[in-house]
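Good morning, and thank you for the time on the agenda. Please look at the sequence and the structure on the screen before we go through them together.

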Amino acid sequence: MSGVGTPDFFYREAQRLGYVARSAFKLIQIQKQYKLITPGASVLDLGCAPGAWLQVACQNLGPLERGGSVVGIDIKDVKVPSSHCDSRVRTVCADVMSLLKERARVLSPQGRGFSVILSDMCSSVSGIATKDAALSCKLGMRALSLAVGKISSVDSDDCELSSFLVA
Ligand SMILES: C[S@@+](CC[C@H](N)C(=O)[O-])C[C@H]1O[C@@H](n2cnc3c(N)ncnc32)[C@H](O)[C@@H]1O
């Protein structure tokens, strides 16, 4: 929905196409530009609720015979959407901030790790811009840490916006 209560274009398009949220179009655009998800990929989707990225990720795995998997993690319990998802998609309820890298790896096919890690994590907005930006930065750094290894500022409490912007 748009801020004024009238459903906006993307909200209506998501409904028409069977996506559970308009955020689907963000990943569709990213995928169009970067082709991150290839047939048979193993995808980890951090902050997956309500599941629109799970839907788009699954659509990009190609036919069932090609294999692949999509694992979604969210702090909220989330059901796999019934449309655009198949048996290759599953969800786990967990807080990514305290998720160990080893535990994430165990969730991947044969424990071999994921070929793509997506993150659309965002915490509830407090309205205090600096607080929200810092939290958002922490979630982003955590995702980066899971994807590429330990990032020193992630584990400390001082994930400053300036260091994120410089990085
Ligand atoms: C913008 S929504 C994601 C939308 C999703 N990509 C989709 O297309 O349906 C952000 C999600 O991040 C989740 N989130 C925020 N902090 C989290 C954390 N520490 N661990 C796991 N999930 C988190 C929220 O619960 C929320 O569902």
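Which residue forms a salt bridge with aspartate 120? The partner is lysine 26, and the closest N and O atoms of the pair are 2.8 Å apart. By salt bridge I mean a side-chain nitrogen of Lys or Arg within 4 Å of a carboxyl oxygen of Asp or Glu.

Two remarks on the source. This is a predicted model, in which local features need pLDDT of at least 70 and side-chain atom pairs count only at pLDDT 80 or more, while totals for chains, interfaces and linings use all residues. Residues are numbered from 1 along each chain as its sequence is written, and side-chain values use heavy atoms, with hydrogens and water left out.

To return to the pair, it links distant parts of the chain, 94 residues apart: aspartate 120 lies in the loop between S4 and helix H5 (129-148), and lysine 26 in helix H2. Helices (H or I, at least four residues) and strands (E, at least two) are DSSP runs, numbered from the N terminus. Aspartate 120 is partly exposed at 25% relative accessibility, and lysine 26 is partly exposed at 42%. Here buried means under 20% relative accessible area, exposed over 50%, and partly exposed in between, with a 1.4 Å probe and protein chains only.

The whole structure holds 4 salt bridges. Another of them joins arginine 16 to glutamate 13, with the closest N and O atoms 2.9 Å apart. Both residues sit in helix H1 (residues 9-17), 3 residues apart, about one turn of the helix. Arginine 16 is exposed, at 60%, whereas glutamate 13 is buried, at 17%.

A further salt bridge connects arginine 88 with aspartate 86, at 2.8 Å between the closest N and O atoms. Arginine 88 is buried at 10% relative accessibility, and aspartate 86 is partly exposed at 26%.

Arginine 88 also leads us to valine 70, whose contacts (heavy atoms within 4.5 Å) include Arg88, Val43 and Leu54, residues up to four places away in sequence not being counted.

I turn now to the nonpolar cores, each a set of buried Ala, Val, Leu, Ile, Met, Phe, Trp, Tyr and Cys residues joined through side-chain atoms within 4.5 Å. In the largest, with 23 residues, Ile37, Val43, Val70 and Leu118 touch the most other members. Helix H2 (24-34), helix H3 (52-59) and strand S4 (116-119) each give two or more residues to this core; H3 gives the most, with 6. A second, separate core has 15 residues, among them Ile73 and Phe114.
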